[in-house]
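Subject: Handover of a structure and findings

Dear colleague,

Please find below the structure that I am handing over to you. My findings follow directly after it.

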Amino acid sequence: MSDGRLPIGERTRVLVLTGAGISAESGLATFRGAGGLWDGHPVEQVASPVGFAEDPELVWSFYSARRRDAAAAEPNAAHRALAALEERLGDRFLLATQNVDGLHARAGSRRLVEVHGSLWRTRCSGCMRPAFADATYPVGPPLPRCACGALLRPDIVWFGELLDPATTRSIDRFMRDAGGSGDPFVFLAVGTSGNVYPAAGYVTAARFFGADTWLLNLDPAENAGAFDHTVEGSAVQSLPRLLGIDG
Ligand code: BV8
Ligand code: ZN
């Protein structure tokens, strides 16, 4: 039985997946909790290409409000604990987040993959112009358009859209290298309900590559059964201790 800490030794490789729950104690609403983000809006309306085509002003007002909230939020001790673990493990560590709020980067995380994109980037809905940093709060009318005439949109992966292959490849490579290394491999999910794929499937992939799998979550998650160990608690209260990084 562990001492309530993640088994991280000299050669252990650690892959962490975070969700909205890790930013909850920074004051940012989660998606499916009470009063979650989706409550005000059906998912199809605010996080899908169809919803954007039907009512781009509603979608932009939803994402501009979330940009404002994220700008006003601060990283918390759980974000900082992951940045400290990265400092300690270096290239034996990778953080994949479903969150788009930018708080992991602001806490100092660099070995970070944002699998659902970022609130802080905008891209064109019609051409291949690269996404660009954007900290404005479009609400329209008029909504911002690209030089090609198409509407600009948040650089976020919506339901029914594919994840960026560059992000999924870096996660797959980390798991494959860990699996083939003979080193101990730990997978930890923090603050996610395990609802949304392909992110919710990473625990199964990690197990395939021999990972010891852990879940730290406030409530039981959909895919909790896939984990070797589950710790029920809040990210701020439990994560620093779980990682052996107190304070
Ligand atoms: C894809 C955008 C291939 C960014 C998001 C039917 C039709 C079409 C598609 C599907 C379908 N069935 C399945 C699918 C696939 C779909 C999917 O999985 N749907 C689910 C709902 C069934 N996935 C996709 O569409 C993905 N693309 O599969 O492409 C394809 C193509 C066409 C057709 C089929 C497949 C794209 C998925 C990405 C969607 N974009 N968001 C944004 O606006 O933020 S997902 C959205 O949910 C957020 O990104 C969020 O991160 C993510 C997951 O939610 P969580 O992070 O887990 O948050 P949640 O509120 O759910 O849970 C928080 C947890 O924290 C709770 O459990 C709570 O207990 C805990 N907690 C709270 N406080 C704390 C805490 N824990 C610790 N401490 C605390 N203090
Ligand atoms: Zn364009």
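In what order do the three strands of the open sheet stand? The order is β5-β4-β6, and the pairing is antiparallel. Strands here are DSSP runs of E with at least two residues, while helices are runs of H or I with at least four residues, and both are numbered from the N terminus. Two strands count as paired if DSSP finds at least two bridges between them.

Before the details, a word on the basis of the values. This is a predicted model, in which local features need pLDDT of at least 70 and side-chain atom pairs count only at pLDDT 80 or more, while totals for chains, interfaces and linings use all residues. Residues are numbered from 1 along each chain as its sequence is written, chains are lettered from A and ligands numbered from 1 in the order in which they are written, and side-chain values use heavy atoms, with hydrogens and water left out.

The open sheet
Strand β4 (residues 117-124) is joined to β6 by four bridges in the antiparallel sense. Within this pairing, Thr122 has Pro154 of β6 as its bridge partner. Strands β5 (132-133) and β6 stand at the edges with a single partner strand each, so one side of each has no neighbour in the sheet. Even so, five of the five residues of β6 (residues 152-156) are buried, where buried means under 20% relative accessible area, exposed over 50%, and partly exposed in between (1.4 Å probe, protein chains only).

The parallel strands
Strand β8 (residues 212-217) is largely enclosed by the rest of the structure, because five of its six residues are buried. Strand β7 (residues 185-190) runs parallel to β8, and five bridges join them. Opposite Val190 stands Leu216 of β8. Between β7 and β8 the chain passes through helix α8 (residues 202-208) in a right-handed β-α-β crossover; right-handed means that, with the strands pointing away from the viewer, the path from the first strand over the helix to the second runs clockwise. Strand β9 (residues 229-232) also runs parallel to β8, with four bridges between them. There, Trp214 has His229 of β9 as its bridge partner.

Helix α8 contains Tyr202, and Tyr202 is buried at 7% relative accessibility.

Ligand 1
There are 33 residues around ligand 1 (a heavy atom within 4 Å). Arg32, Gly160, Thr192, Ser193 and Asp219 come nearest. Polar contacts are pairs of N or O atoms within 3.5 Å; within protein, one must be able to donate a hydrogen and the other to accept it, and residues adjacent in sequence count only if both atoms are side-chain atoms. A polar side-chain atom of Glu25 is 2.8 Å from a nitrogen atom of the ligand, and one of Thr192 is 2.7 Å from an oxygen atom of ligand 1. The protein buries 75% of the 1400 Å² that ligand 1 exposes when taken alone, with areas from the Shrake-Rupley method and a 1.4 Å probe; for residues, only the protein chains shown count as cover.

Cysteines
Cys146 is buried at 8% relative accessible area, whereas Cys148 is partly exposed at 45%. The disulfide count is zero, a disulfide being a pair of cysteine sulfur atoms within 2.5 Å.

Yours sincerely
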